[in-house]
Amino acid sequence: MIETSAAEPKTTSKDSNIDESQHPQRQHEGQPAEQQRVGEICYDLAHFRTVRVLNNNSTHKSVCLLGHFANLPSPEKQAIVVLEKRSFTEAQVLTPKLNGDDEQQQENHKSESENEKSSLGETKTADDGAPSVREQTFFTSRSRLEKEFVNDIYGNFLCTVDPALNRLKVTIIYPAEEKHIVKYTVQNRFLVEETPELYKRVTLPHLDQGQLSLEWLYNVLDHRKESERIVFEDPCDENGFILLPDLKWDGKTVEQLYLLALVRRRDIRSLRDLTADHLPLLKNVRSRGIAAIKERYGIGADQLRIYLHYQPTFYHLHMHFTYLRHDPPGVGCDKAHLLSTVISNLEILPDYYQRATLTYALKETDRLYEKIRAQTVEETEEPSAKRHKSDISISHMALSTGNIERVLIELRPRLQSANFFISFRRKFAETDSTTIDLANDRLTIGTKGEHEKYEIRVGDFFKLHTQTLSSLVIKNQYLCFRVNTNESEFGSELLGFQRDGSATTGDELLRLLCNIESGKRYRLLCNNCRGPMDDATEGILFNRVLELPSEQMDSEDWFCHRHDHQHQHGEPEGSEQLQHKSGDFKSKLEPQRNDLLFGSFYALLHRSVLPRIHIRSNRFLYCKRCLQYLGTTRKNSSSVKLWYEHIRFQQMDSTEQLVRSLFSTSDSLELFRLLVRKTVREFNIVSSFGLPPMMKLMFELRRPGLEGDIFYLLLQIMDSQLSVFRIDQKRLDEASGAAMEIEILDAKSSKSIGKCRVSGPDATLQSLKSEVQKLKPSLTVHRQSFRLEPRGKALKESETLNALGVSSGGKLYVRDLGPQISWKGVFLAEYAGPIFVYLIFYQRPSLIYSNAELPMSTTASIAAACWVAHYAKRLLETLFVHRFSHATMPLRNLFKNCSYYWAFAGYVAYHVNHPLFTEPCQAMVYAGLGTFIVSELGNFSIHILLRNLRPAGSNVRKIPVPDANPLTQLFNFVSCPNYTYEFLSWVGFTLMTSCIPAGLFAFAGMYQMTVWALGKHRNYKKEFKDYPKGRKAIIPFLL
């Protein structure tokens, strides 16, 4: 879109929705109005042929014409020309001051008017600030009044003014597409109430299919176009924006001020995508935009109207700044949402705009309006032709939020009844009332006023008794009830009595196979850190290893006599440990020090054998070394229960000292099944009558970690022959928003790779990668990098489709990162090389030097030991300490990293091991050696602390803080003390050798580590709002 007014600067319409990369550039000043050249296209209004008038707006003094340019190479292509009269400026209506004799001034001015070209645009003012006669103003002799009528004190005239004051603003769209013609054509408008469900089903797919290119906008953000027009810019990638004039403003008339704020983030389409996470961005645009306008144009915050459009014309988040005295198009309540109101709504409810119903106006020819109307008709009419006899169908009888999530119907033929379990997306506390109406073949659920109404049809499968609804339960978002499925008397059924007891067969399948043998010694280890939990270096001798007889009976419920095995534990008869105060023997069986009792998921041990455990709240057990959750204590008992997954047993009386699990299988699911089967067998009384088991089991579970939550699992054992009806999977996915189909495109060529089906909006990009690999096997998961736009930022694997605003039918771009190699492999190669290269110079100097017969100096030997020790430490840390947040890196990094380390190793080794190397004084050698050793220990301490900060197998990030090790106190001053210690190590090495190449190596490494440290420091501050403000990146108090 261009503006042909020669007196006005270039402007851009950010609401025009036009891909300006496909249109000519805007014209420049100084060209004649009747012929404007833009790029290679010459516009001449004399050759414009009008076909029809699209819109004649008397309010805005504008007319929109459809036609074509006869002089252009393709005259058949349509063009839109918009003619708009400009508003008055204060300078044009001020009275000029006449200097000297008025008649002489008028005569001079009259002669000057004969040459308009020389005076066009010329402006002069008198000393007191009033415009002179030479300025462009209406009150000059060039203005001619033509009387229409005069009546008493009233008169109407037509005024012919200076042509320079009577210019039109002309907007040309060429070639004009159908969407442009629709936009500029006057037509009826209709209000639409867009619910969140309607947005997902209709609006979002429409945007994915028909959104115009945003290349012109990215040109502005990337400073490829219009950088000279930027009024203000905040370069921050997260909360930054660019403020520049809109096309609707000429850039001069302050009374018509109209600016656009284009945010830098490219993952926010519109108002619908905003959440509380975006509040810093919105507040930053508001505060800094107001400050910039105040400084540049002198307009305060109380005179600015700041708002967002919904629906917007283009889908990249932007805000409008207009002068309150000016009423441009699009400021009505059917389109504009004040930014202050948006911020307030998000502060009250973080996902307000994902849950709100938004009202806006659409033209009757708008394709989105046509789709919304079609969806409304489809949902309000009963689509009987679409019913499938194998499905229980749900019908939305009115355009609503679609609050039913899923329906489960359990048909129980023996009881001649059906149980209904219905899950809603919102809680019933948010609804005034809910009604349930029964018919023979269906039931209807509605809310007060029938704003929402749903029908569940079951007539193809069974009939309902309309007067038998019972067992109604309404809680949170769940609705459950029972309905009889007969219309007469209950039938009877004779149950056979099974006397052979076959229901209890298969006992041999319900036994646990234990890995621990009695009569042998074992050490108890934490499965996480492999630290011992006992003090017995020779191990614990288990004399008894027995399975508990029942999962439902606690050992406190077992009564038994005194066992002979108690004497084997070193407890003589009559020991007080075996007697109550009354002298009776203990009536409860407890595991002794040398006993190991076990159930399906745990081992029962005497507490005295586990001194190295931490007990929290007098109940929960943790490893003292790594705080891994291990198990629980037992009330009024000297025994503890340890979960089998968290402990290991190391056999001490064998040469191999193997570490083994409690059970021969490590499959937790298989053990869980075994536990359920044993429980059902023990408590299923009706199984002896040949009936299937019917019971509910409750399991108490606990999440790992010191603050792990306790939660419960309810398991209902049901008849496997029950007929359970569900909505078919495809319809269930559509109703609940579960399954989603995402189109994957190549980021380089924008060609489609294929479509992937994922579990739902909560699916992560990590799970999507495996689906992409199925489409294109050469594109392995480690080579994939997702983006929302072909040139957009890489997205994190942990992000969900819902968080990214990607809905079913949406698109994602994937970029091939090329051949990859593991981080560990690169580290091992780049650290092993320097040891090998350095030792060639040290061990085989005759291969390098001509006078190698000279003896090697003591300093050179110390330096070689330090060099080898440093890189050996790095190799061991790579194997046993470091936990990498990414699995791979590009293969090219292997050659780049190895070249750096190996080349510097040869460079430093050549000079330090040279036969003519001169040793520094002993004081300098030992000072450098001491600095090197302390720094290496500090670097190792930091690496251990960082390892413990991130759980194994996760990408969790926390704020690092010092621990009891004094060498970690450097965390109080810098974010990356491991880099600080690394640099100090090589400073010590340089001091010890007094070698310039060693110093160059130290400072080259310092430069690279500073770059890394500054990046990590920024990420820490961005991710953690409470990050310590006094910390620097790598050098305390400085950097």
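This is a predicted model: local features need pLDDT of at least 70, side-chain atom pairs count only at pLDDT 80 or more; totals for chains, interfaces and linings use all residues.
Which side chains meet in a salt bridge at 2.6 Å, N to O?

1. **A buried ion pair.** The side chains that meet at 2.6 Å, N to O, are those of Glu226 and Arg229, and they form a salt bridge. Each of the two partners, Glu226 and Arg229, is buried. The total for the model is 24 salt bridges.

2. **A pair bridging separate parts of the chain.** Arg783 and Asp816 also meet through their side chains in a salt bridge, at 3.0 Å from N to O. Arg783 counts as partly exposed because its relative accessibility is 22%. Asp816 is likewise assigned as partly exposed, its relative accessibility being 39%.

3. **The largest nonpolar core.** This core holds 52 residues, and the members that touch the most others are Leu243, Met319 and Phe321. Helix α6 (residues 279-297) supplies the largest share, namely eight residues. Setting aside neighbours within four places in sequence, Met319 is in contact with Leu259, Leu260, Ala261, Val263, Leu282, Val285, Tyr307, Leu308 and Leu339.

4. **A second core and helix α15.** A separate core of 31 residues includes Ile835, Val837, Tyr838 and Phe841. These four are among the buried residues of α15, as are Val826, Phe827, Glu830, Tyr831, Gly833 and Pro834. Helix α15 (residues 823-843) comprises 21 residues and spans 31 Å from its first C-alpha to its last, close to the 30 Å expected at 1.5 Å a residue. In an α-helix there are 3.6 residues a turn, so residues three or four places apart point the same way. Which elements do the buried residues of α15 pack against? Their packing partners are β44 (820-822), α16 (858-880), β45 (888-890), α17 (892-912) and α19 (977-993).

5. **A buried serine in a strand.** Is Ser639, with 0% relative accessibility, buried or exposed? Ser639 counts as buried, because its relative accessibility of 0% falls under the 20% limit for that class. Ser639 is located in strand β34 (residues 639-643). Beyond residues up to four places away in sequence, Ser639 touches Glu590, Pro591, Leu604, Leu605, His606, Arg607, Thr633 and Arg634.

6. **A nonpolar patch on the surface.** Phe973, Leu1014, Phe1037, Leu1038 and Leu1039 make a nonpolar surface patch of about 510 Å². One of these residues, Phe1037, is found in the segment after α20 (996-1023). Phe1037 counts as exposed because its relative accessibility, 65%, is over the 50% limit.

Technical notes:
Residues are numbered from 1 along each chain as its sequence is written. Side-chain values use heavy atoms; hydrogens and water are left out. Patches are made of residues with over 30% relative accessible area and no salt bridge: like charges are joined within 9 Å, nonpolar side chains (Val, Leu, Ile, Met, Phe, Trp, Tyr) within 5 Å. Accessible areas come from the Shrake-Rupley method with a 1.4 Å probe; for residues, only the protein chains shown count as cover. A salt bridge is a side-chain nitrogen of Lys or Arg within 4 Å of a carboxyl oxygen of Asp or Glu. Helices (H or I, at least four residues) and strands (E, at least two) are DSSP runs, numbered from the N terminus. Buried means under 20% relative accessible area, exposed over 50%, partly exposed in between (1.4 Å probe, protein chains only). Contact means heavy atoms within 4.5 Å. A nonpolar core is a set of buried Ala, Val, Leu, Ile, Met, Phe, Trp, Tyr and Cys residues joined through side-chain atoms within 4.5 Å. The expected span of a helix is 1.5 Å times one less than its number of residues.
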